[in-house]
Amino acid sequence: MSLTDFLKSIFMMPKSIAILCLTNLFCWMSHLSYCLFFTDFVGEEVFKGNPAAHSQSSEYQLYLEGVRYACFGMAIYSLACSCYAFTIEKLIKVLRARIVYCGGLLIDATGMLMMALFPNKITVYVFSATGGIVYALLFTMPFLLLGQYHAKGQFKVSRPNGEAAGGTASVDKAERKRGLATDIAVVGGMIFVAQIIVSLGMGSFISLLGSTTAVVYAAAMFSFLSAILATQVVYMDL
């Protein structure tokens, strides 16, 4: 494969890969909104602290206490991620991949929304676990699906006579040969796009709402959008 063919395989991707990329992009935007700004949200909105206050003031001490409390919440998120990742393959066998993917994202969207609407110590602990579901999905579902696409010949090279390279009709014909490693890199690379979008836009969103609760609302919104996109993902026989 020449360099030109390699670049075209990235930018001229099949619809199934494009949808998976968009779903993964919004998943990462949800996760980054939560994990990068969560401690600020708890310190300011739950504990009513002020990071800009004098270091000896009570408001600043409340903020620090909130940050420490948020770290315990993120520990619960990590535990939930580990448990969900450990059981995800068994869940797919029982419930099928579509329900696991879409359902997990909807659970997270609901949890983040409840945390934003009712910011208190209990919701921080309870609904932080839903963030772990998204993190587990990020490192399992896209790559399980990509492996399934390539194992089932989803992107076989089309021959001039209309048949695929393997002698059977292509399920999702691609103009050029696609490699599994390239598709993994493209789908996994959505994290960098998400980092740029969240970094550039989150400050303006917080200013618009006038509260760091905006970061949790954003996480809920992105999870909900990714759940909608996940309904359009091609699941093959998973």
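Student: Is Lys 48 buried, partly exposed or exposed in this structure?
Tutor: In this predicted model, Lys 48 has a relative accessible area of 56%. Exposed is the term used for values over 50%. Because its 56% lies on that side of the cut-off, Lys 48 counts as exposed.

Student: Which residues does Leu 62 contact once its neighbours within four places in sequence are left aside?
Tutor: Leu 62 sits in helix 3, which covers residues 58-95, and at 33% relative accessibility it counts as partly exposed. Its C-alpha atom is separated by 6.0 Å from that of Phe 47, a residue 15 positions apart from it along the chain. With the sequence neighbours set aside, the contacts of Leu 62 are Gly 43, Phe 47, Lys 48 and Gly 49.

Student: How many helices and how many strands does the chain have?
Tutor: Read from the N terminus, the order of elements is α-α-α-α-α-α-α-α-α. The secondary structure therefore comes to nine helices and zero strands.

Student: Which element gives the largest share of the largest nonpolar core?
Tutor: That core has 59 residues, and those with the most contacts inside it are Phe 38, Val 42, Tyr 101, Leu 137, Met 141 and Tyr 235. Among the elements that give it two or more residues are helix 2 (15-46), helix 5 (121-138), helix 6 (141-151) and helix 9 (213-230). The largest share, 15 residues, comes from helix 2.

Student: What does Tyr 235 touch, not counting residues up to four places away in sequence?
Tutor: Tyr 235 is one of the residues with the most contacts inside the largest nonpolar core, and Tyr 101 and Met 141 are also among them. Outside its sequence neighbourhood, Tyr 235 touches Ala 97, Arg 98, Tyr 101, Cys 102, Met 141, Leu 145 and Ala 230.

Student: Is Ser 226 buried or exposed, and what is its relative accessible area?
Tutor: Ser 226 lies in helix 9, and, with residues up to four places away in sequence not counted, it touches Thr 23, Phe 26, Cys 27 and Leu 105. Buried requires a relative accessible area under 20%. Ser 226 is therefore buried, with a value of 0%.

Student: Which elements give two or more residues to the nonpolar patch on the surface?
Tutor: The patch is formed by Leu 113, Leu 117, Phe 118, Leu 208, Leu 209 and Tyr 217, which together have about 570 Å² of accessible area. The elements that contribute two or more residues to it are helix 4 (97-117) and helix 8 (190-209). One member, Leu 209, is found in helix 8, and Leu 209 is partly exposed, with a relative accessible area of 44%.

Student: How far apart are the end C-alpha atoms of residues 67-87, and how far apart are those of residues 99-118?
Tutor: An unreviewed UniProt entry lists both spans under "transmembrane region", along with 124-146, 184-208 and 214-235. In the model, residues 67-87 are 100% helix, while residues 99-118 are 95% helix. The end C-alpha atoms are 31 Å apart for residues 67-87 and 28 Å apart for residues 99-118.

Key. Residues are numbered from 1 along each chain as its sequence is written. This is a predicted model: local features need pLDDT of at least 70, side-chain atom pairs count only at pLDDT 80 or more; totals for chains, interfaces and linings use all residues. Side-chain values use heavy atoms; hydrogens and water are left out. Helices (H or I, at least four residues) and strands (E, at least two) are DSSP runs, numbered from the N terminus. Buried means under 20% relative accessible area, exposed over 50%, partly exposed in between (1.4 Å probe, protein chains only). Contact means heavy atoms within 4.5 Å. Patches are made of residues with over 30% relative accessible area and no salt bridge: like charges are joined within 9 Å, nonpolar side chains (Val, Leu, Ile, Met, Phe, Trp, Tyr) within 5 Å. Accessible areas come from the Shrake-Rupley method with a 1.4 Å probe; for residues, only the protein chains shown count as cover. A salt bridge is a side-chain nitrogen of Lys or Arg within 4 Å of a carboxyl oxygen of Asp or Glu. UniProt positions are given in the numbering used here, feature names are shortened, and annotations may be inferred rather than shown by experiment. A nonpolar core is a set of buried Ala, Val, Leu, Ile, Met, Phe, Trp, Tyr and Cys residues joined through side-chain atoms within 4.5 Å.
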